[in-house]
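Hi,

Here is the structure I promised to pass on. Have a look at it first, and my notes follow below.

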Amino acid sequence: QVQLVESGGGLVQAGGSLRLSCVASGSINGLSPMAWYRQVPGKQRELVARIFSGGTTNYADSVKGRFTISRDNAKNTVYLQMNSLKPEDTAVYYCNGIGGRMYWGQGTQVTVSS
C-alpha cells in the first residue's frame, strides 16, 4: 500500500510559477506511470502530465511548454514545475500512480489570480 501526499499549492498571480511535490510513503520504483491530474468543481478530473519509469513524459496540450513533470525515485517523489501560470490553471491538483492498482493523493489547491 502506497500513500501519496501532495504539497506546494497556493495562490499565485498570472505569469507566476509553482512547484508541486508528491511524496510517496513507499518506493515509487514500481509505479508507472506517475501523473498529475487536476479538477475544477463541476468538471471531470483531467490528466495534466504523466511520466513513465523510463522517463517518457506526456502533457495535456493546454500545459505543453509551461509545465514539466519529473520524478526522483531515490526520494520517492514526483514533481510538477508550473511556469507561466494562467487563471484557467486554477484547480485542485492530484498526484496519481499506477502499480497493480491506482493510487491517489488528497489533492492540493492551486489558485491563479488575474
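Arg45 lies over the face of Tyr94, 3.7 Å from the ring centre, and its charged end also sits over the ring of Trp104, at 4.6 Å from the centre. (A charge counts as over a ring if NZ of Lys or CZ of Arg is within 6 Å of the ring centre and within 35 degrees of the ring normal.)

This is a predicted model, where local features need pLDDT of at least 70 and side-chain atom pairs pLDDT 80 or more, while totals for chains, interfaces and linings use all residues. Residues are numbered from 1 along each chain as its sequence is written, and side-chain values use heavy atoms, without hydrogens and water.

Ring pairs link Tyr37, Tyr94 and Trp104 into a cluster. (Rings of Phe, Tyr and Trp, the latter by its six-membered ring, pair with centres within 6.5 Å; planes under 30 degrees apart are stacked, over 60 edge-to-face, the rest tilted.) Tyr37 and Trp104 are edge-to-face, with 5.0 Å between centres and 65° between planes. Tyr37 lies in strand S4 and Trp104 in strand S10 (residues 102-104), so this pair ties together parts 67 residues apart in sequence. (Strands are DSSP runs of E, at least two residues, numbered from the N terminus.) Tyr94 and Trp104 have centres 6.4 Å apart and planes at 90°, so they are edge-to-face too.

Tyr94 is buried at 14% relative accessibility, whereas Trp104 is partly exposed at 34%. (Buried means under 20% relative accessible area, exposed over 50%, partly exposed in between, with a 1.4 Å probe and protein chains only.)

Best wishes

Note on methods. Helices (H or I, at least four residues) and strands (E, at least two) are DSSP runs, numbered from the N terminus.
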